Amino acid sequence: MAATAVATGSGAAAGTESAERPPGPAAALELWLNKATDPSVLEQDWSAIQNFCEQVNTDPNGPTHAPWLLAHKIQSPQEKEALYALTVLEMCMNHCGEKFHSEVAKFRFLNELIKVLSPKYLGAWATEKVKGRVIEILFSWTVWFPEDIKIRDAYQMLKKQGIIKQDPKLPVDKILPPPSPWPKSSIFDADEEKSKLLTRLLKSNHPEDLQEGVLEVVLVYVISAF
């Protein structure tokens, strides 16, 4: 009995101490994902998506753990939560590095998306909007990442089974992977001082200032192209 009492006391102390510490990496992932997919909010929390992506990149286990957290949200019976989770998935594919990308491109994860479409699994009750977004995302990946053979094979299998009737039309501005929703509005905004200098040069009445401003624009454009 005495040993039990000591163990209980020690556990309580440890619990109090842990409550005062910030959440661990795994808990932080869930915390940010819960905020990013909260169906009670009218608009998705983009800062929470950014923090989730950063947590995935910071936590050594993030790239392997995050896809399964996302799969659970994508399979949610709440339409808005599932749609929000699909947006987070898209952002992670573009911003969470090769390890996350390779996890998502495996049949093990792709099967979780297929379940949402298959009438034998979740497709019987998943909404058409959610299923449409899953199809759009899978198709877009076959366009953006043609080297990922398993994604292509999974998509073609769904077409052969008649689950996907036809390829969705991607918006013309999404021929390439979409940029993060949180970047600066202009490539010059990343450097505030340079932006101010450029604005002054372009507004100047002196020809030499205007010429310098145009050269600056050309230089930044060339650099950004690479």
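Biologist: Why is Phe109 called buried in this predicted model?

Modeller: Phe109 has a relative accessible area of 0%, and because buried is the word for values under 20%, Phe109 falls on the buried side of that limit.

Biologist: And why is Trp68 called partly exposed?

Modeller: The relative accessible area of Trp68 is 26%, and since partly exposed covers what lies between the 20% limit for buried and the 50% limit for exposed, Trp68 is therefore placed in that middle class.

Biologist: How many aromatic pairs does a search of the whole structure find?

Modeller: Three aromatic pairs are found when the whole structure is searched. Trp68 and Phe109 form one that is edge-to-face, with 5.9 Å centre to centre and 70° between the planes. This pair joins distant parts of the chain, with Trp68 in helix 4 (residues 62-74) and Phe109 in helix 7, 41 residues apart.

Biologist: Which residues have the most contacts inside the largest nonpolar core?

Modeller: They are Phe52, Leu89, Phe100, Leu138 and Trp141, in a core that has 49 residues. Elements that contribute two or more residues to this core include helix 2 (25-36), helix 5 (79-95), helix 6 (97-104) and helix 8 (128-144). Helix 5 gives the most, with nine residues. As for Leu89, leaving aside residues up to four places away in sequence, Leu89 touches Leu70, Ile74, Phe100, Val104, Phe109, Leu113 and Trp141.

Biologist: Why is His101 called buried?

Modeller: His101, which lies in helix 6, has a relative accessible area of 13%, and because the limit is under 20%, His101 counts as buried. Apart from residues up to four places away in sequence, His101 touches Met93, Phe145 and Asp148.

Biologist: What makes Cys53 a buried residue?

Modeller: Cys53 has a relative accessible area of 2%, which therefore falls under the 20% limit for buried. Cys53 lies in helix 3 (residues 46-58), and its C-alpha is 9.0 Å in space from that of Trp32, a residue 21 positions away in sequence.

Biologist: What share of the residues in the protein is buried?

Modeller: Buried residues make up 37% of the 226 residues. Among contacts in the protein with a separation of 6 or more, 65% are between residues 24 or more positions apart. In secondary structure, the protein has 11 helices and zero strands.

Biologist: Which residues line the largest pocket?

Modeller: The lining consists of Asn111, Ile114, Lys115, Ser118, Pro119, Lys120, Tyr121, Met157, Gln161 and Ile163, around about 160 Å³ of space. Helix 7 (residues 107-117) supplies the largest share of this lining, three residues.

Biologist: How do the residues of that lining divide into nonpolar, polar and charged?

Modeller: Five are nonpolar, three polar and two charged. Lys115 and Lys120 are in the lining, and because Lys counts as charged, these residues belong to the charged class.

Biologist: How many cavities of 30 Å³ or more does the structure hold?

Modeller: The structure holds two of them, and the largest cavity has a volume of about 60 Å³. Its lining includes Ile74, Pro77, Glu79, Val116, Trp125 and Val130, and the whole lining divides into seven nonpolar residues, four polar and one charged. Since Glu counts as charged, Glu79 is therefore a charged residue of this lining.

Methods:
Residues are numbered from 1 along each chain as its sequence is written. This is a predicted model: local features need pLDDT of at least 70, side-chain atom pairs count only at pLDDT 80 or more; totals for chains, interfaces and linings use all residues. Side-chain values use heavy atoms; hydrogens and water are left out. On a 1 Å grid over the protein atoms alone, a cavity is a set of points where a 1.4 Å probe fits but cannot get out, and a pocket is an open set with protein on both sides within 12 Å along at least five of seven lines; lining residues have an atom within 4 Å of a point. Grid points are joined across faces, edges and corners, and a volume is the space filled by probe spheres set on the points. Helices (H or I, at least four residues) and strands (E, at least two) are DSSP runs, numbered from the N terminus. Buried means under 20% relative accessible area, exposed over 50%, partly exposed in between (1.4 Å probe, protein chains only). Rings of Phe, Tyr and Trp (its six-membered ring) pair if their centres lie within 6.5 Å; planes under 30 degrees apart count as stacked, over 60 as edge-to-face and the rest as tilted. A nonpolar core is a set of buried Ala, Val, Leu, Ile, Met, Phe, Trp, Tyr and Cys residues joined through side-chain atoms within 4.5 Å. Contact means heavy atoms within 4.5 Å.
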